[in-house]
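Hello,

Here is the structure that I am handing over to you. My notes on what was found in it follow below.

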Amino acid sequence: MAEAAQIWVGPAPTLTNQPPPDELVQMLHIARKFDVAARDERNRALGKAGEERV
């Protein structure tokens with residue numbers, strides 16, 4: 001006979017769109033290392049240059 005599947009019990013989902021607090025700290029730490037606005041600006045410039053090249 002096969003064993004019944006294990007039931008995973010974890011933290012309840014939140015009503016907000018925020019990650020759990022431990023993940024939030026990690027995400028904020030990573031986000032400080034990257035300048036999202038500068039990356040977006042570089043990506044837009046690269047896309048525009050590619051469109052002009054084509």
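Accessible areas here come from the Shrake-Rupley method with a 1.4 Å probe, and for residues only the protein chains shown count as cover. On that basis the protein chain exposes about 5900 Å², of which carbon and sulfur atoms supply 60%.

This is a predicted model, in which local features need pLDDT of at least 70 and side-chain atom pairs count only at pLDDT 80 or more, while totals for chains, interfaces and linings use all residues. Residues are numbered from 1 along each chain as its sequence is written, and side-chain values use heavy atoms, with hydrogens and water left out.

The protein chain has 2 helices and 0 strands (DSSP runs numbered from the N terminus: helices are H or I, at least four residues; strands are E, at least two). Of its 54 residues, 0% count as buried (under 20% relative accessible area; exposed is over 50%, partly exposed in between, with a 1.4 Å probe and protein chains only).

Helix α2 covers residues 36-53.

Asp-40 forms it with Arg-44, and the closest N and O atoms are 3.1 Å apart. Both residues lie in α2, 4 residues apart, about one turn of the helix. Asp-40 is partly exposed at 37% relative accessible area, and Arg-44 is exposed at 60%.

Regards

Methods: A salt bridge is a side-chain nitrogen of Lys or Arg within 4 Å of a carboxyl oxygen of Asp or Glu.
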